[in-house]
Amino acid sequence: MIDDTQDLRASVRDLITGWGFVPTCDSWLRSYDPEFSREMGRRGLLGITWPKEVGGGGRPGIARLVVTEEILRTGAPVAGHWIAERQIGPSLLRYGSEVAKSRYVPGIASGELVFCLGMSETEAGSDLASVRTTATRVAGGWRIAGRKIWTSQAHHATHAYVLARTDKSGVKHEGLSEFIVDMQADGVEVRPILDLAGEHHFNEVTFDDVFVDDDHVLGEIGNGWTQVTSQLSLERGGIERVMSTYPLLAAARDELAASPEGQASAMAVGRVYARLAALRAMAVRVALDIDAGGSPVTDAAVQKDLGTAFEKAVVEFAREVTPVEPDPDGEGLAALLAGGILSSPGFTIRGGTSEVLKTLVSRGAPALLTEIRRQRGEVGSAADEMLDGQAGEPEDQAELRASMAEVGWLRVSVDEAVGGEGGELSDAAEIIEALGRAAVSAPVAESIAATRALARAGRTGLDALGLVTVAGGGDATIVDGVISGSIPRVPWGREAAHVLVSAVSQGEQVWALVPADAGAWTPGRNLAGEPRDTFTLDGAAVDVVFADAATDAELALFRAVASIGALETACAQSYEHITTREQFGRPLLKFQAVAGLFAELLSEFVLARVAVAEAVAAVGAGRADAGSRVAAARAVLDTAATLGARSAHQLHAAMGITREHPLHLSTRRIWAWRDEAGTAAAWQRGLGLELLAKDEDAVWAWITAEETR
């Protein structure tokens, strides 16, 4: 019995270490070894979430995710059991007859049975509702006739899942049913199809009047469309939609780590691994949702769309940062690169093309945005209520800013014993996100970051300091208790009572608390119109000096949190616009190009939201990886902010490029904040350097956050 995640990982690693295979990209489709699948079954690694009475492990979905990612990390040969264990077993458990369940589920869990999927047809393409394969009622069962194509592993399969039309009288989404077909039955013919690499895993399967008895119907006759859309969450939302090219990514990183020139690619390394970590965290959320009985169709579509695009991006990353040429007959990185290139066209097609997935995402937007609103805590909801209708330019919000000190927002998450308001870091994050969502500019993030730093340094009486802001990135130095230098782009400097200044003292980077009137201020502003002033000090005395490595990261995190709020508003405004604005007699959303563009905006927002939530959790818990999680969040957010603002304006067209429409109140803030508290490039490079200094096992532990739990 495997008791916890670490033991589960150890069991998988023990199997892999003792098995001789050549790592490949896309191994869950291309690498077939039936004995490896049977050994996984013997070790209890298949059907790990299924009930024990049918041969399963009785564990939660996160256990299967752990097994899957450990297997795919190495490019192990798993194609023999993949489709059966991922989709057919859960479908049988949910919809199968007692006869079918008892006959097939234990065989899948043992790795003895191999299934293929009979869904796609040449005429139907990605429109599964247009299938032409028919199932006709006969005595004791059904006769199936038709053709399925691109049927992976059909030449190895013992059985097939087949989607067929049982009623032609209604609309195309009705009258579909699901069947289990014995591949050895009379009338089944398999024709091989070679892929771009010259490999045989695709097939065309013809069903010529093949008999299937009633016990082999899945679910209800005519309910196939409802069932298959639920099942597609299992196919689309798994970690495998992210990791097909992980062996290539790991090999490329190893090449860079061993090369003297590798550090030149640190920014690219940081960017690609930050995105992988966010996609992995999203896969965990989908697994937990399914465990809870949900059917996360939209979330799974988001993950599959972004994940398969990432798998392709890994190929280009490896091409760009390493000097290795692809060689299908080579070894190591060269062979993996060749395999990645030749397999990558299929990533964004199988399981639903990117275009189909974007349509699903755009259709699911109302429910997704509603669920995001529902997940807000009490603090965030209360902040939303207070800020409702307050959006505007920073110069018009002075009175509102003053009220934030009165309600205690400037000291949230700071211990009451030292003059704070108490609460958790997550409470502060909810307030800051609400400010971004409401397009309200106020120095809440700066004051919280500064007072948290002062509290860590042992300073008390923080409630008497007034507004404190943070000044970093200048050339300030401290000599004999006196500070001099110039710090540019200080947020809200002219409104602050005190400034926490980053300076160098005796060769060490420290922070110093300085009264705001101890120096001269030169006004400045950012793209959102918020004050970003230059603070010049010439011999001001300081008495509070301390080192604190967390302040920069916390302020950077708060910028990301605020940006998430602004992105949410841009998404909501864009959705309202494209559903109410009409062109050629129909809403803009009905145009596929518009729906696709909006889906990209929403998907990038969702992924960035996950990355930022991971960083908030890490910083709030004081984890050792907090700084790197903030760096990863900033890297993912940079893509979301850039693409999101651009897409929102494209969707609004001419209306969005004027100040008559409120969109600019969000997008100007997004543009301003994405490069404040450290540029995206700096955070990506820092993360990349950290990951290049680790070995592969340590990098993997960072991706999965296992070293912190």
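Helix 10 (266-291), helix 20 (592-620) and helix 21 (626-652) each give at least two residues to the lining of the second largest cavity. Helix 10 supplies the largest share of that lining, with four residues. The model is a predicted one, and its count of cavities of 30 Å³ or more comes to four.

**Second largest cavity**

- The second largest cavity holds about 80 Å³ of space.
- Its lining consists of Ala274, Ala277, Ala278, Ala281, Ala611, Glu614, Arg629, Ala632 and Ala633.
- Sorted by class, seven residues of this lining are nonpolar and two are charged, while no polar residue takes part.

**Largest cavity**

- The largest cavity holds about 130 Å³ of space.
- Its lining is made up of 15 residues, and those closest to the cavity centre are Ala442, Glu530, Arg559, Ala562 and Trp673.
- Two or more lining residues come from each of helix 17 (425-438), helix 18 (444-456) and helix 19 (550-580).
- Sorted by class, the lining of the largest cavity has nine nonpolar residues, two polar residues and four charged residues.

**The two linings by class**

- Polar residues number two in the lining of the largest cavity, whereas the lining of the second largest cavity has none.
- Charged residues number four in the lining of the largest cavity and two in that of the second largest cavity.

Definitions and conventions: Residues numbered from 1 in each chain as written. Predicted model: local features only at pLDDT ≥ 70, side-chain atom pairs only at ≥ 80, totals over all residues. Heavy atoms only, no water. 1 Å grid on protein atoms, 1.4 Å probe; cavity = no way out; pocket = protein on both sides within 12 Å on 5 of 7 lines; lining within 4 Å. Points joined across faces, edges and corners; volume = space filled by probe spheres on them. Nonpolar A, V, L, I, M, F, W, Y, C, P; charged D, E, K, R; others polar.
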